[in-house]
Amino acid sequence: MIYLDNAATTMHKPAQVRRAVSEALHRGGNAGRGGHSGEAYSDRVLFECRGEIAALFGLAEPERVVFTMNATHALNIAINSLVRPGMRVLISGYEHNAVRRPLLAKERAGEIEIVVLRSPLFEPEVFLYKLEAELRRGAGLVVMTHVSNVFGYILPVERADELCAEHGVPLIVDASQSAGVLELNAAALRATRYLCMPGHKGLYGPQGTGALVCVGDRYEEEPPEPLMFGGTGGDSRAEGMPDYLPERVEAGTQNVHGIAGLREGVRFVRRTGAARILAHEREMARRIISGLALYPRVRVFAAPGLFCQTGVLSLVVRGVSCERTAELLAAEGIAVRAGQHCAPLAHDSAGTGREGSVRLSPSVFTKPSEADAAVRALARIAQREPL
Amino acid sequence: MSECLITSRGATRARAMAVALASAGLPARVVRPPADVSREGCGYAVAIAQQLVGQAAEVLRAAHMPPRRIYCVGADGRYTEEKGYGA
């Protein structure tokens, strides 16, 4: 299979990730639940993985890293921790349902007002203009994605952070598509309180892993609120959840097997370098864009020179539904994703609406020959499918 | 060799304390302390040789992880809280 669905999950993992999961399955006790060598092994795995993730974002303290099931879980904790009744919450027009739905649930309960900052695709200056205008009107929280999962559009998170800091408004960043691909120095951010990410995409860990990274100076005084309550392996006679991180928001047994793999995935990313990974993925995207330029029936959504875009590409073949295009590609052994990508806001903002798009997303393991094969297959669809 | 226990607020902090102490050349290990040390039950601590405990407290303060409480083994074999290290 030619796998171009890495924005959904990086299916091909580094060998050390697979080995680490296997080792943890053999050696891992329940972290924090015992005093034996199996427990100590798992405790060490968790601690080392926290340290790797913190370091990836320029942070020193492993305690800032809370393990979650996925990015959605992390976003729910972050949103639940910062949203207050009566708040006006600003979100970008490129948010995934992992942001949209938890906020909509609160809006429908009459608790908050959501303001969607609609802006055209690949127009970061327009987004910033709208953000500043709405911050001036008053807001209690901003939630924004770093990179659109549909279009690979890089939103200007650092500049948004500055604007939020000037207005004293906290920021939650959905780093689902940027973690491991874009460098981000969280220590330099002033308004960002949380980075939320999956472990199984750009960090090359197993599915079922994710992280909430607590940013800023006040992470200990104002820790996130628990979404789940239960055992943490410590302070067992206390009636409430601990007031310290990360245990405060980590009720129940940890996914040590997955986290062992995630630790190696993050180590792989740090050794390789996010900049190199991004450069490779963009190179694959450029091959696809230039190859498809000969076929006017194929519309590729690409920023000029990919100046604000990762290697994630969306496209549509005129007269062929996205689902049909993906089906034809799958028949040729090419895996992509078609439809709404759980991000109807992004499709509405970009004008692809209910039809959606076909998304091609390479990883560091994608070969040039695979990108070329995708071009040839799409060219055949454009030439042969009836209009 | 007599040991002291420097209590920690959780497993992650205990590991971080042990790493900071090891980096300073002070051998320490993460342990689960007995009930008379762990006030809320099922606590965490780092164990360190008694003659190093003063240095350890300094290292942890410098690393922004000030010790919560320090317990050392008394003549009766029981842990008693040491107040002399500014914990």
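This report walks through the overall build of chain A and then a strand and a helix residue of chain B.

## About the model

This is a predicted model, in which local features need pLDDT of at least 70, side-chain atom pairs count only at pLDDT 80 or more, and totals for chains, interfaces and linings use all residues. Residues are numbered from 1 along each chain as its sequence is written, chains are lettered from A and ligands numbered from 1 in the order in which they are written, and side-chain values use heavy atoms, with hydrogens and water left out.

## Chain A as a whole

Let's start with the fold: chain A has eleven helices and 13 strands (DSSP runs numbered from the N terminus, with helices being H or I of at least four residues and strands E of at least two). Its radius of gyration is 21 Å, close to the 21 Å that the globule rule gives for 387 residues, so chain A is as compact as a globular protein of that length. Here the radius is taken over C-alpha atoms, and the rule is 2.2 Å times the number of residues to the power 0.38. Along the principal axes, the C-alpha atoms of chain A fill a box of roughly 70 × 55 × 35 Å.

Of the 387 residues in chain A, 61% are buried (under 20% relative accessible area, with exposed meaning over 50% and partly exposed in between; 1.4 Å probe, protein chains only).

## Strand E3 of chain B

Now to chain B, where strand E3 (residues 44-49) is mostly covered, with six of its six residues buried. B:Tyr44, B:Val46 and B:Ile48 point one way, while B:Ala45, B:Ala47 and B:Ala49 point the other way.

E3(B) has two pairing partners to look at here (strands pair if DSSP finds at least two bridges between them). Strand E1 (residues 3-8) of chain B pairs with E3(B) in the antiparallel sense over six bridges, and B:Ile6 stands opposite B:Val46. Strand E2 (residues 28-31) of chain B also runs antiparallel to E3(B), joined by four bridges; here B:Val31 stands opposite B:Ala45.

## A buried arginine

Helix H1 (residues 11-23) of chain B holds B:Arg13. This arginine is buried, with a relative accessible area of 9%. Leaving aside neighbours within four places in sequence, B:Arg13 is in contact with A:Glu63 and A:Glu220 from chain A, and with B:Ser8, B:His64 and B:Met65 from chain B.

Conventions:
Contact means heavy atoms within 4.5 Å.
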